[in-house]
Amino acid sequence: MWAELLPVGRSATSGGYRRFAWNSADAECRAWFEQQARSRGLTYELDRNGNQWAWLGDPNGQGAVVTGSHLDSVPDGGAFDGPLGVVSSFAALDELRARGTEFTRPLAIVNFGDEEGARFGVACIGSRLTAGVLSREAAYELRDADGLRLPDAMEKAGYDPTAIGADDDRLARIGAFVELHVEQGRCLAEGQPVGVAGAIWPHGRWRFDFHGEANHAGTTRIEDRRDPMLTYANTVLAARKKAKLAGALATFGKVAVEPNGTNAIASLVRGWLDSRAADERTLTELVAEIERAAAERGERDGVRVELTRESYTPVVDFDGPLRDRLAKLLDAPVLPTGAGHDAGILASAIPTAMLFVRNPTGVSHSPAEYAEQADCLAGVAALADVLEDLACQ
């Protein structure tokens with residue numbers, strides 16, 4: 001399975017992946033998922049939000065145990081973030097069948113759409129829609145870098161966007177969701193190959209619009225300039241400094257410039273801030289401080305600054321009894337994480353948990369992301385034990 005997925009959406013120049021929602025690479029990944037489901041005799045289903053499901057047992061039964069993750073990527077992302085969870089889910093089912101396991105509850109494997117938010121700027125769109133965290137109306141307003149709306153992209157890819165929205169009936173039939181994911185850090189570097197997630201830091205994405213005045217780079221005096229690039233650059237540095245002082249994280253990882261000419265002073269710079277902290281108060285105060293720093297510098301530069309919050313996820317504490325049950329079953333450490341996941345979105349509606357597989361480098365969202373094969377297999381065995389414990393009693 002791993003070998004089949006490796007070339008899909010991979011850049012020949014960077015070695016990273018460009019599996020964005022509703023593009024050709026995404027279509028290949030979706031076709032692969034459907035083929036894996038049907039080859040195992042599972043019931044394949046596409047839900048109203050474009051998420052893929054593979055069912056063992058009655059899809060309409062109660063108390064289902066669900067596992068899975070996502071197959072999309074960030075720009076030039078690694079091979080493991082998302083796909084490891086989906087591949088391991090199918091492999092865990094194969095392991096349980098080899099054991100002769102008899103299931104007493106329906107079991108499903110899911111591929112949630114557009115988890116990374118690489119195309120439309122909002123993470124976990126598939127699970128957000130399902131949980132009602134993202135409304136149909138808000139989803140219809142999302143656009144990609146080319147101005148194409150989300151529903152139009154879905155329709156162009158052959159999917160019906162008219163039914164997207166909260167799927168309460170589906171969630172009511174799920175007893176537990178367990179997501180396996182490569183660790184995005186090094187907590188497991190010197191210890192066991194598998195850990196259990198305890199909580200997800202609150203996090204969000206904010207767009208800063210720096211409005212200046214376009215002008216000629218070679219003829220405009222320094223004192224006559226209203227250059228938004230200066231305000232943007234100062235804000236990037238301020239974000240780093242203030243995040244470090246707060247023991248939090250702040251990253252400007254995406255920028256767009258207009259008119260984007262080498263010999264032109266920009267009229268507009270848009271910078272996207274990703275910020276995360278251990279608690280919501282710290283995060284709120286940090287973003288407010290970054291906004292103040294931007295506004296103060298903007299006043300000096302003659303630049304107007306606007307801030308728009310594009311997405312926000314509060315702190316997520318995974319289901320305590322389920323978390324403790326899995327940690328005891330696997331004799332595994334409980335770890336915090338600063339990364340968002342579909343499991344975190346669904347945690348407000350159903351009991352959820354996460355397993356982390358050791359990442360020796362700690363690198364993620366990069367072609368250098370990696371996990372040893374032995375650790376991946378340990379993750380499969382751990383997931384199989386979890387599914388057996390939850391779906392076979």
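Helices (H or I, at least four residues) and strands (E, at least two) are DSSP runs, numbered from the N terminus. By that numbering, D76 sits in the loop between strand 3 (64-70) and helix 3 (83-99). The model is predicted: local features need pLDDT of at least 70, side-chain atom pairs count only at pLDDT 80 or more, and totals for chains, interfaces and linings use all residues. Residues are numbered from 1 along each chain as its sequence is written, and side-chain values use heavy atoms, with hydrogens and water left out.

**Helix 8 and helix 9**

- Helix 8 (residues 228-246) packs against helix 9 (residues 280-301) at an angle of about 150°, and their axes are 9 Å apart. Axes are lines fitted to C-alpha atoms, for helices over the stretch in contact, and angles run from 0 to 180 degrees between N-to-C directions.
- The two helices are therefore roughly antiparallel to each other (angles under 35 degrees count as roughly parallel, over 145 as roughly antiparallel, 65 to 115 as roughly perpendicular and the rest as oblique).
- On the helix 8 side the contact (heavy atoms within 4.5 Å) is made by L230, T231, N234, T235, A238, A239, K242, A243 and A246. Helix 9 contributes T282, L286, E289, I290, A293, A294, R297, G298 and D301.
- Nine residues of this contact are nonpolar, five polar and four charged. Here Ala, Val, Leu, Ile, Met, Phe, Trp, Tyr, Cys and Pro count as nonpolar, Asp, Glu, Lys and Arg as charged, and the others, Gly among them, as polar.

**Helix 10**

- L322, L326, A327 and L330 of helix 10 (residues 320-330) are buried (buried means under 20% relative accessible area, exposed over 50%, partly exposed in between, with a 1.4 Å probe and protein chains only).
- These residues cover an arc of only 130° around the axis, which puts them on the same side of helix 10. The arc is that of the directions from the helix axis to the C-beta atoms.
- Exposed P321 and K328 are on the face of helix 10 turned away from its buried side.
- The cover over the buried residues of helix 10 includes strand 5 (174-182), strand 6 (194-200), strand 14 (334-337), strand 15 (352-357) and helix 12 (373-391).

**Backbone geometry in loops**

- Most residues other than glycine have a negative phi, and most peptide bonds are trans.
- D76 is not a glycine, yet has a positive phi of about 55°.
- The peptide bond from E258 to P259 is cis, with omega near 0°. P259 is in the loop between strand 9 (249-258) and strand 10 (264-265).
- N260 lies in the loop between strand 9 and strand 10 and has a positive phi of about 65°. N260 is exposed, with a relative accessible area of 59%.
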